[in-house]
Structure formats: C-alpha cells, structure tokens
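Please open the model in the viewer and keep the sequence panel at hand.

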Amino acid sequence: MLAMINYFKKSFGNKIKDLREDRDMSQSQVAALIPMNQSNYSKIERDVQQPDLFQLKRIAEIFGVSCDELLEIKKSPEDVARDLEFARRVSELYNHIYNK
C-alpha cells in the first residue's frame, strides 16, 4: 500500500513549478535568485536534474517553505490519513472494476 501512496505524490520538479507559478515568477527570475542558469533550473523542474544542497536550501528560502516540506520528509497526521484514505478508495475502485 505504501508504494501506491508514493506513486500519487507530486515530483519535486512539479512541486517547485507549482510554487513558482503561484508566485507569478518566471524560471529565469527564480534561477537568478538561486543563482544558477535558467536551463539548469528548467531541468530541475522537469526532474531531469536534482539540485545540490545549496540550491535546495535556496529554493526553499525563495518559496518560503522548509527543505523537509519540499522533500516530504515529515508529513502531518492529516496528510498521512488523507493519503491512506485515497489509496483505500483507489484500491476499492480497482477491486470493483477487476473483481466482478
């Protein structure tokens, strides 16, 4: 069941893309604040490249979140309960469709 929960998580790149777009920032603007070139930042958003520790820290600072939150190291009990409920519903739907 844990593999199913992990499958539905957003990738690191999608998380930072959403954070950037929520703040109406361009990739170039974020890259300049890190600092790094825009093409390398784009690779991070596309999950082609991973940030180094300094870049990870800067990304978290720029978006006002913790590194733990970006990496999903800690989850609140509510988040865990929501993920488990979602996985349970997917499992029930799968069983309903394929175990007729």
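Begin by selecting Glu 61 and Lys 57, whose side chains are joined by a polar contact of 2.6 Å. Please bear in mind throughout that the model is predicted. Glu 61 belongs to helix α5. Is Glu 61 buried, partly exposed or exposed? Its relative accessible area is 41%, so Glu 61 counts as partly exposed, the class between the limits of 20% and 50%.

Next, display helix α5 (residues 53-63) together with helix α2 (residues 12-22). The two helices pack at an angle of about 35 degrees, and their axes are 10 Å apart. The crossing of α2 past α5 is left-handed. To see the side of α2 that takes part, select Phe 12, Ile 16, Leu 19 and Arg 20; their counterparts in α5 are Leu 56, Ile 59 and Phe 63. By class, this contact of α2 with α5 comprises six nonpolar residues, one charged residue and no polar ones.

Keep α2 in view and bring in helix α4 (residues 38-45). Here the packing angle is about 115 degrees, with the axes of α2 and α4 7 Å apart. Which residues meet at this contact? From α2 come Phe 12, Gly 13, Asn 14, Ile 16, Lys 17 and Arg 20, and from α4 come Tyr 41, Ile 44 and Glu 45. The contact of α2 with α4 divides into four nonpolar, two polar and three charged residues.

From Glu 45, move to Gln 27: the side chains of these two residues make a polar contact of 2.9 Å. Gln 27 lies in helix α3 (residues 27-33). Its relative accessible area is 17%, so Gln 27 is classed as buried, the limit being 20%. Leaving aside residues up to four places away in sequence, Gln 27 touches Arg 20, Gln 38, Tyr 41, Ser 42 and Glu 45.

For the last stop, turn to aromatic rings. How many aromatic pairs does a search of the whole structure find? The search finds one. Select Tyr 94 and Tyr 98 to see this pair, which is tilted, with 4.7 Å from centre to centre and 40 degrees between the planes. Both residues lie in helix α7 (residues 77-98); because they are four residues apart there, about one helical turn separates them. Tyr 98 is exposed, with a relative accessible area of 57%.

Note on methods
Residues are numbered from 1 along each chain as its sequence is written. This is a predicted model: local features need pLDDT of at least 70, side-chain atom pairs count only at pLDDT 80 or more; totals for chains, interfaces and linings use all residues. Side-chain values use heavy atoms; hydrogens and water are left out. Rings of Phe, Tyr and Trp (its six-membered ring) pair if their centres lie within 6.5 Å; planes under 30 degrees apart count as stacked, over 60 as edge-to-face and the rest as tilted. Buried means under 20% relative accessible area, exposed over 50%, partly exposed in between (1.4 Å probe, protein chains only). Axes are lines fitted to C-alpha atoms, for helices over the stretch in contact, and angles run from 0 to 180 degrees between N-to-C directions. A crossing is left-handed if the near helix is turned anticlockwise from the far one by less than a right angle, and right-handed if clockwise. Contact means heavy atoms within 4.5 Å. Ala, Val, Leu, Ile, Met, Phe, Trp, Tyr, Cys and Pro count as nonpolar, Asp, Glu, Lys and Arg as charged, and the others, Gly among them, as polar. A polar contact is a pair of N or O atoms within 3.5 Å; within protein, one must be able to donate a hydrogen and the other to accept it, and residues adjacent in sequence count only if both atoms are side-chain atoms.
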